[in-house]
Amino acid sequence: MTTQSTREHRTPTTSWTVTPEPFTSPDATALRRAYYAEVAGRYWKRQVTEAEIDQGLLDFPDDGLAPPTGQFVVGRRADEPLACGGIRLLDPLTAELTRVYVDQRARGTGGGAALLAALEAQGRALGAERVRLDTRSDLVEARALYARQGYAEIPAYSSGPYAEHWFEKRLV
């Protein structure tokens, strides 16, 4: 069960529209590539190559980000695709956020909050009562966004080479 609802966040100068979209669409693919380029580049402390992005997307597939186990969303500001994120069920009551990204040009404009609100709505539509995520220490902007939006740090619920902080938010 999924919803095709649109979440909109208004700022004084523009608005965000966040809607479900297949992660294979051209806009979603471009945003996922930008996401990977940024997180890998920050981790490796250098610009990544197109081949490294291709390999990274193969190594970390977006499985589970389509109905009935999840959803992928794209955020647009003034009709330009500038944000994306996915949510997938870990179990019937727990969803996980992944690939949460806002283009650097649009940070500070409310896109992150709009993106999280839409992803949380998708999580509720999937039947989740809580949403979790993991992130890295160097992604300080993401950690600040999650804290501002009511996510609390929790003990590790997963393992992985890039998981350094874990967050959870109740949806009910």
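So, Pro68: this one sits in the loop between H2 and strand E3, residues 70-77, and the peptide bond that joins Pro67 and Pro68 is cis, with omega at about 10°. When I say helix or strand, I mean DSSP runs, H or I of at least four residues for helices and E of at least two for strands, numbered from the N terminus.

Quick word on what we're looking at. This is a predicted model, where local features need pLDDT of at least 70 and side-chain atom pairs count only at pLDDT 80 or more, while totals for chains, interfaces and linings use all residues. Residues are numbered from 1 along each chain as its sequence is written, and side-chain values use heavy atoms, with hydrogens and water left out.

Okay, back to loops. Between E3 and strand E4, residues 80-91, we find Ala78, and Asp79 is in that loop too. Ala78 has a positive phi of about 50° without being a glycine, and Asp79, also not a glycine, has a positive phi of about 70°. Buried or exposed, then, for Ala78? Exposed, at a relative accessible area of 62%, and Asp79 counts as exposed as well, at 72%. For the cut-offs, buried is under 20% relative accessible area, exposed is over 50%, and partly exposed is in between, using a 1.4 Å probe and protein chains only.

Now the helices. In H2, the buried residues are Ile53, Gly56 and Leu57. They cover an arc of only 95° around the axis, so they end up on the same side of H2; that arc is taken from the directions from the helix axis to the C-beta atoms. H1 is part of what covers them, with contact meaning heavy atoms within 4.5 Å. On the face turned away from the buried side, H2 carries the exposed residues Ala51 and Leu58.

H4 next. Its buried residues are Ala142, Leu145 and Tyr146. These cover an arc of only 95° around the axis, which puts them on the same side of H4. They pack against E5, H3, E6 and E8. Just after H4, Gly150 takes a positive phi of about 90°.

Which residues does Tyr146 touch, leaving out those up to four places away in sequence? Val100, Leu116, Leu133, Tyr151 and Phe167. Tyr146 also turns up in the largest nonpolar core: of its 41 residues, Leu97, Leu115, Tyr146 and Tyr151 touch the most other members. H1 gives the most to this core, with 6 residues. A nonpolar core here is a set of buried Ala, Val, Leu, Ile, Met, Phe, Trp, Tyr and Cys residues joined through side-chain atoms within 4.5 Å.

On to the largest pocket, which holds about 1,100 Å³ of space. Of the 46 residues lining it, the closest to its centre are Tyr35, Val39, Val100, Thr135 and Leu139. A pocket is an open set of points on a 1 Å grid over the protein atoms alone, where a 1.4 Å probe fits, with protein on both sides within 12 Å along at least five of seven lines; lining residues have an atom within 4 Å of a point. The volume is the space filled by probe spheres set on the points. H1 gives the most to this lining, with 8 residues.

Last one: Val172, in the segment after strand E8, residues 165-170. Val172 counts as exposed at 72% relative accessibility, and its C-alpha is 8.2 Å from that of Arg124, 48 residues apart along the chain.
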